[in-house]
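Hi everyone, thanks for coming. Please have a look at the model on the screen, and I'll talk you through it.

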Amino acid sequence: MGSFISGSPMPTQDEKTMGLLAHMGTILANFVGLGFAVPLVLMLTKGKESSFVRAHAVESLNFQITVFIAAFVSALTLCIGIGAVLVPIVGIVAIVFAIIAGLKANEGQLYKYPVNIRLVK
């Protein structure tokens, strides 16, 4: 993927940085339960100025919703033991995919999470 949208110019370094932040910012924010806040703020602010930033913020926000649902279901299964395995897996997958997505954004590429419920358009 050379450019974000066919025929459009490459994203600026600021747009790449904001795209990176949309994904990587969720890692720290998840420690306080606000993983969705970073991409939501970027979508509502910088997303109005840049389709590149908006695309990354929306993808990240949808992934955070997916992670929340997976973590909630995993936590419900703690009482039968399955959650003891699922909760750490959900956490590790969330971190790894956020890092991959952030690196792709920093390269000026769009990244689609392999497992994502796309509720926000």
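I'll go from the overall fold to the helix contacts, then the pocket, and finish with one lysine.

First, some housekeeping. This is a predicted model, in which local features need pLDDT of at least 70 and side-chain atom pairs count only at pLDDT 80 or more, while totals for chains, interfaces and linings use all residues. Residues are numbered from 1 along each chain as its sequence is written, and side-chain values use heavy atoms, with hydrogens and water left out.

So, the fold. The protein has four helices and zero strands, where helices are DSSP runs of H or I with at least four residues and strands are E runs of at least two, numbered from the N terminus. Along the sequence the pattern reads α-α-α-α. The radius of gyration, taken over C-alpha atoms, is 15 Å, close to the 14 Å from the globule rule for 121 residues, so the protein is as compact as a globular protein of that length. That rule is 2.2 Å times the number of residues to the power 0.38. The C-alpha trace spans about 50 × 25 × 25 Å along the principal axes.

Now to the packing. How do α1 and α4 cross? The axes of α1 (residues 13-30) and α4 (residues 83-106) come within 8 Å and cross at roughly 175 degrees. Axes here are lines fitted to C-alpha atoms, for helices over the stretch in contact, with angles from 0 to 180 degrees between N-to-C directions. The pair is therefore roughly antiparallel, a label for angles over 145 degrees.

On the α2 side, Val38, Pro39 and Leu42 meet α1 residues including Met18, Leu21 and Ala22.

The largest pocket has a volume of about 430 Å³. A pocket is an open set of points on a 1 Å grid where a 1.4 Å probe fits, with protein on both sides within 12 Å along at least five of seven lines, and lining residues have an atom within 4 Å of a point. The volume is the space filled by probe spheres set on those points, which are joined across faces, edges and corners. Of the 21 lining residues, Asn30, Gln64, Val67, Ala71 and Ala94 are the closest to the centre. Helix α3 (51-76) is one of the elements giving two or more residues to this lining, and α3 gives the most, with seven.

Last, Lys112, in the segment after α4. Leaving out residues up to four places away in sequence, Lys112 touches Glu59 and Arg118. Thanks, everyone!

Definitions and conventions. Parallel < 35°, antiparallel > 145°, perpendicular 65-115°, else oblique. Contact = heavy atoms within 4.5 Å.
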